[in-house]
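Here is a short briefing to read alongside your structure.

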Amino acid sequence: MKTMMDIEFHAARLPGREAAILGPSGCGNDVVEIQDLTIDVPSILVKITLEETDPRVSKVLTLLDQYGEERWVSRWDVYTEDELQSAPLLILGLTGATASGGQEYGTTYDTSPACPKCGTGTRQTSALNIDRSDLNEIAKFRVAGTTDGERLVLDVDVERLLAAGVTGALFWPVYAKSKGGDLEELRHQQIFIEHVMPPMSLKSSLNRTKACPDCGRGWYTHMMNEPIRFVYRGEDLANIQDFNLTSEWFGEPPHFCEPLNAVVQGPRHPWVLVTPKVMNLLRGKTKKEQKYQGCGFAPIWIEDDSHDKPYLMT
Ligand SMILES: [Zn+2]
């Protein structure tokens, strides 16, 4: 595993522009992306991508400090194939398309088992309806999703998953709803997952500052600019299925939105965790196939008494 960093800054005000940073820090074309966003005022956006441990990182940051130039830093993890294949579970993330869907489009839910404060535990009780205008985008990818966290899989992949006898999921039909109210069945189906994991270890990289005070399961968010790392203890994995949901639901509490002049509630949903068996069935084998895959995978981390820090299973 290696952790990568994106360092972004504006270069138009620098004497000698981006060369003032790139030259002295030794950053060549292979790690730099430059966008000229000039319309009226000169605007040059520079993105440097380096491994976190690369000595050029501190050189770049020191130079930006010297020029008093603001920077935006984000980090993400890149895993080896061995780490992916050895993981007990992997986060199934979306990289392609997300549609609008849910209650607004006629999908029904039962809130009786849910936390009255944050809504965690709300159960979907009908087939999922999505916005007809998102259909073309969804159709480009084998795996897609909705802004409410649902995961959709193309029919041919559903057949492969069922033939492989995957556990923990049912596959429900999905309909696109037009403005006029017509429903059209998609080639994608919804992965309907029942099994909920135990709560994560406190060592997971989660922002817990707004977590629901009533149930402790809702209103988690991700750490800004940090890689997503979910940590579980060995005993949490006793009952895992091929498809699982996190106990934690992610999303912001209701907040005032100035442009709308109203209190809005964003999407709230658990994350999906799958076994390498599912990953191998959903993953494109070639570069071309990977373009249409629509999803990515990151292993969970393990915590136990024999290690000081969470680690990856290999
Ligand atoms: Zn709650």
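Where does tryptophan 219 lie? In this predicted model, tryptophan 219 sits in the loop that runs between strand E14 (206–207) and strand E15 (221–222).

**Tryptophan 219**
- The phi of tryptophan 219 is near 65°, which is positive even though the residue is not a glycine.
- For background, most residues other than glycine have a negative phi.
- Tryptophan 219 counts as buried because 26 other C-beta atoms lie within 10 Å, and the cut-off for buried is 20 or more.

**Arginine 17**
- Arginine 17 also has a positive phi, about 50°, and is not a glycine either.
- You will find arginine 17 in the loop between strand E1 (2–10) and helix H1 (19–25).
- With 16 other C-beta atoms within 10 Å, arginine 17 is partly exposed.

**Domains and their contact**
- Six residues from domain 1 and four residues from domain 2 make up the contact.
- On the side of domain 1 that touches domain 2, strand E4 (residues 71–78) supplies the largest share, with five residues.
- That side of domain 1 is made of two nonpolar, two polar and two charged residues.

Definitions and conventions:
Residues are numbered from 1 along each chain as its sequence is written. This is a predicted model: local features need pLDDT of at least 70, side-chain atom pairs count only at pLDDT 80 or more; totals for chains, interfaces and linings use all residues. Two residues are in contact if their C-beta atoms, placed from the backbone, lie within 7 Å. Helices (H or I, at least four residues) and strands (E, at least two) are DSSP runs, numbered from the N terminus. Ala, Val, Leu, Ile, Met, Phe, Trp, Tyr, Cys and Pro count as nonpolar, Asp, Glu, Lys and Arg as charged, and the others, Gly among them, as polar. A residue is buried if 20 or more other C-beta atoms lie within 10 Å of its own, exposed if 12 or fewer, and partly exposed in between; C-beta atoms are placed from the backbone.
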